[in-house]
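Biologist: Please take me through one part of this model closely. I would like to know what it pairs with, what packs on it and what lies around it.

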Amino acid sequence: MPHGYKREYNDVLYFKKDHFCPECKTKLDKVPVSRVINSGSPEAKNFDFSMPGGNFAVGDIQFIWDEFECPNCQKHLTVNEMKAIEGIPLPKKPSKWRKILFLIFGILFLIAVALIREYLS
C-alpha cells in the first residue's frame, strides 16, 4: 500500500495533438500509467520524490503519468518513444560544465549588483 501518490504532467501540449500508431496507423489514445516506487530502491533515481515546500516523499509512492496506447492493436508507447518515431529531438540534459559556468556567472552577477548598490549609496 503506497504512502502517497504523485501525478506528473509532462508534455501536456504534445498530448493535445493527434498521434498515430506506427503499426496500424490508428489514432492513439492517452492512457494513465501508474507504478509504485520505493524511495530507497535503485529505480528511485529515475523518479522525482520532491514535494511542495522543499520536502521529499519517503517510502512507497505511487507515480502516475500519461502514455499512448493504440485502441486497435494495443501497442503501448511512451512519450519519448513516440517522439523518436516522429523524428522530434529529445531535449539534452545540461552538461556538468554548463551548470558550473551558470553558477559562476550567477555569483559574478550578484557581486556586480552588490558593488553597484554600494557605489550608488
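**Strand 3 and its surroundings**

Modeller: Strand 2 and strand 3 run antiparallel and are paired over ten bridges. This is a predicted model. Strand 3 is the part to look at closely.

Start with that pairing. Val-36 has Gln-62 of strand 3 as its bridge partner. Strand 2 covers residues 29–38, and strand 3 covers residues 60–69.

Now take strand 1, residues 4–7. It runs parallel to strand 3, and four bridges join the two.

Strand 4 comes next, at residues 76–77. Two bridges tie it to strand 3, and the two strands are antiparallel. Phe-68 has its bridge partner, Leu-77, in strand 4. Strands 3 and 4 form a hairpin with six residues between the strands. Within that hairpin, Gln-74 adopts a positive phi near 65 degrees.

Next, the aromatic side chains. The structure holds five aromatic pairs. One of them joins Phe-15 and Phe-68, with 4.8 Å from centre to centre. Their planes are 35 degrees apart, and the pair is tilted. This pair bridges distant parts of the chain: Phe-15 sits in helix 1, Phe-68 sits in strand 3, and 53 residues separate them. Phe-15 counts as buried because its relative accessibility is 14%, under the 20% limit. Phe-68 is also buried, because its relative accessible area is 3%.

Another pair is made by Phe-49 and Phe-63. The ring centres are 5.1 Å apart and the planes stand at 80 degrees, so this pair is edge-to-face. It too links distant parts of the chain, 14 residues apart: Phe-49 is in the loop between strand 2 and strand 3, while Phe-63 is in strand 3. Both Phe-49 and Phe-63 are buried. They belong to one aromatic cluster together with Phe-47 and Trp-65.

Asn-55 counts as partly exposed because its relative accessibility is 48%. Beyond four places in sequence, Asn-55 touches Phe-49 and Ser-50. Asn-55 and Val-33 are 22 residues apart along the chain, and 24 Å separates their C-alpha atoms.

Last, the largest pocket. It holds about 730 Å³ of space. There are 21 lining residues, and the closest to the pocket centre are Glu-8, Asn-10, Asp-11, Val-79 and Asn-80. Strand 3 gives two or more residues to this lining, as do strand 2, helix 1 (12–16) and helix 2 (79–86). By type, the lining has eight nonpolar, four polar and nine charged residues.

Helix 2 also holds Lys-83. Lys-83 counts as buried because its relative accessibility is 11%. Apart from neighbours within four places in sequence, Lys-83 contacts Asp-11, Tyr-14, Ile-88 and Leu-90. Asp-11 is also among the residues closest to the pocket centre.

To recap, strand 3 pairs with strand 2 over ten bridges, with strand 1 over four and with strand 4 over two. Its Phe-68 pairs with Phe-15, and its Phe-63 pairs with Phe-49.

Notes:
Residues are numbered from 1 along each chain as its sequence is written. This is a predicted model: local features need pLDDT of at least 70, side-chain atom pairs count only at pLDDT 80 or more; totals for chains, interfaces and linings use all residues. Side-chain values use heavy atoms; hydrogens and water are left out. On a 1 Å grid over the protein atoms alone, a cavity is a set of points where a 1.4 Å probe fits but cannot get out, and a pocket is an open set with protein on both sides within 12 Å along at least five of seven lines; lining residues have an atom within 4 Å of a point. Grid points are joined across faces, edges and corners, and a volume is the space filled by probe spheres set on the points. Ala, Val, Leu, Ile, Met, Phe, Trp, Tyr, Cys and Pro count as nonpolar, Asp, Glu, Lys and Arg as charged, and the others, Gly among them, as polar. Buried means under 20% relative accessible area, exposed over 50%, partly exposed in between (1.4 Å probe, protein chains only). Contact means heavy atoms within 4.5 Å. Two strands pair if DSSP finds at least two bridges between them. Rings of Phe, Tyr and Trp (its six-membered ring) pair if their centres lie within 6.5 Å; planes under 30 degrees apart count as stacked, over 60 as edge-to-face and the rest as tilted.
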